[in-house]
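Me: Please take one part of this model and look at it closely. Keep it brisk.

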Amino acid sequence: MSTISRRNFLKLAGAGTASAGLLGTPLARAASASRVVIVGGGVGGATTAKYLKLYAPGIDVTIIEPKREYQRPYGSSEVITGQVTMDDITISYEALKTRHGVNFIHDAAADVDYDNKQVITAGGETVGYDRLVLSPGISFDFDAIDGLTAELAETKLPHAWDAGDQLLELKDQLESLPENPTVIIGPPPNPYRCPPGPYERAGLIAQWLLDRGDKSPKVVILDPKNGFTTDYSMLHAWNDLYRFNIPKPARSKYSEDELAQLKTHDEPGPLEWVMGDLGGQILKVDANTMTVEAEAGVFEADMINIIPPLKAAKIAFDFDLVDGSGWCPVDQKTFESIRHPDVHVIGDSCIAGAMPKSGYAANSQAKVLALQLKALMAGNEPLEPVFQNTCYALAGNTDSGMFVADVFRLKDDKIVRVDEQRYLPFDATEGQIRLAALYQHNWMKAFTDDCFS
Ligand code: FAD
């Protein structure tokens, strides 16, 4: 190290890395000195680790993650309504460890020393890095809604938006509901994890209550927003399946021709969407009286599922990676933090232009990041990235699927969406709608394998 600059050393090490799998030269062994440490073994962290080991096997990759098994948030609303179990959403790290040679430290990252390039775990272990990656997910702003607390989220008012036992609590609550109950779902404001998710959950719960034999259950969505990703397909499907009348301000989402084909129901069904313009903003919740006060008035409920506003994971705040927006600003090509060099943030915690906060997006960012890390650590220029996202969703009935599919590129250093047709067309056939639901079921497995196996 004394006779070559640090940058040139990394260049040599990176060059060795690129050829390590092919040649096994002494230079390749030197590459093992390059260390990438990843905080968070969720979608983004696991995918980065796996693809980095595939693209540059000589780089030493360590994931710091407190949990011994990952519970996937994607597809987790189906735990509440019983289509899948907690076992189904629990994923082993074994393949990453044994097949891909990723090191794991099962502990929480607690501190960082940027000068000496070290992460310190809660258990006191010091882990050195050349490049640090964080994909630590989200945290919740309970203070934003009067009456909501982290403690209540563990008991009476679970959000169940980050997998875990709250899913089982909500499942118990659902199964204990009286006949024809009122359930309130409170989606968060933008930006948030899984844009179609709260509406899919509302549909799944409505369908569950109908399947149980309830004749007039109510699932009321109190929403601060006037729209959501897949609203065009979701509202149409509800109109068809659940005697759902599309609220007047939302009818502008459809053409004249489409509006003429939508139904008007004299007796509305179980789903009600109180959009922002109609007073959907929640002001206060009272867990004792089970009431929710919104701009539109006070609603009594038998079950309340409010997803608080979201922000970057706590560790991103602790590591000084967050700006005033509550999220982590990053270079849009390399995901390197704007605030600290050699630190990259991907997944839900980062600001990624037009990309949504979804598992698919985190996985797409991770694959790009693995290539960029390989290039950067070899002293090369980063590549021109292309990203993708597809979010599948169910209307409630598990045979009724939909999706939003997007491609993203860099334009003027910003990640922008480049496609036009994103949704199923209005006149999609029954077969296409069923296929979209089938794609969702299959995607869940193929996607999990891509990240973790
Ligand atoms: P995560 O996957 O949450 O991983 C974060 C990891 O970081 C966790 O394992 C956590 O333990 C770890 N961590 C946190 N703090 C620390 C620390 N201090 N030290 C070490 N580790 C730490 N996405 C889709 O693409 N399609 C879908 O159909 C879909 N459906 C969804 C349905 C629901 C109901 C929900 C809630 C989400 C859904 N998502 C979906 C979103 C998807 O699950 C997330 O966008 C994705 O998990 C984000 O990945 P991530 O790596 O940013 O965070």
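Reply: Leaving aside neighbours within four places in sequence, Gln166 is in contact (heavy atoms within 4.5 Å) with Ala153, Glu154, Pro158, His159 and Ala160. This is a predicted model: local features need pLDDT of at least 70, side-chain atom pairs count only at pLDDT 80 or more, and totals for chains, interfaces and linings use all residues. Residues are numbered from 1 along each chain as its sequence is written, and side-chain values use heavy atoms, with hydrogens and water left out.

Gln166 lies in helix H7, residues 166–175. Helices here are DSSP runs of H or I, at least four residues, numbered from the N terminus. Is Gln166 buried or exposed? Its relative accessibility is 8%, so Gln166 counts as buried. Buried means under 20% relative accessible area, exposed over 50%, and partly exposed in between, with a 1.4 Å probe and protein chains only.

One of the contacts of Gln166 is Ala160. A polar atom of the Gln166 side chain lies 2.9 Å from the backbone nitrogen of Ala160.

Glu154 is another contact of Gln166. Glu154 is found in helix H6, residues 150–154. At 53% relative accessibility, Glu154 counts as exposed. Glu154 and Leu170 are 16 residues apart along the chain. Their C-alpha atoms are separated by 9.9 Å.

How values were computed
Helices (H or I, at least four residues) and strands (E, at least two) are DSSP runs, numbered from the N terminus. A polar contact is a pair of N or O atoms within 3.5 Å; within protein, one must be able to donate a hydrogen and the other to accept it, and residues adjacent in sequence count only if both atoms are side-chain atoms.
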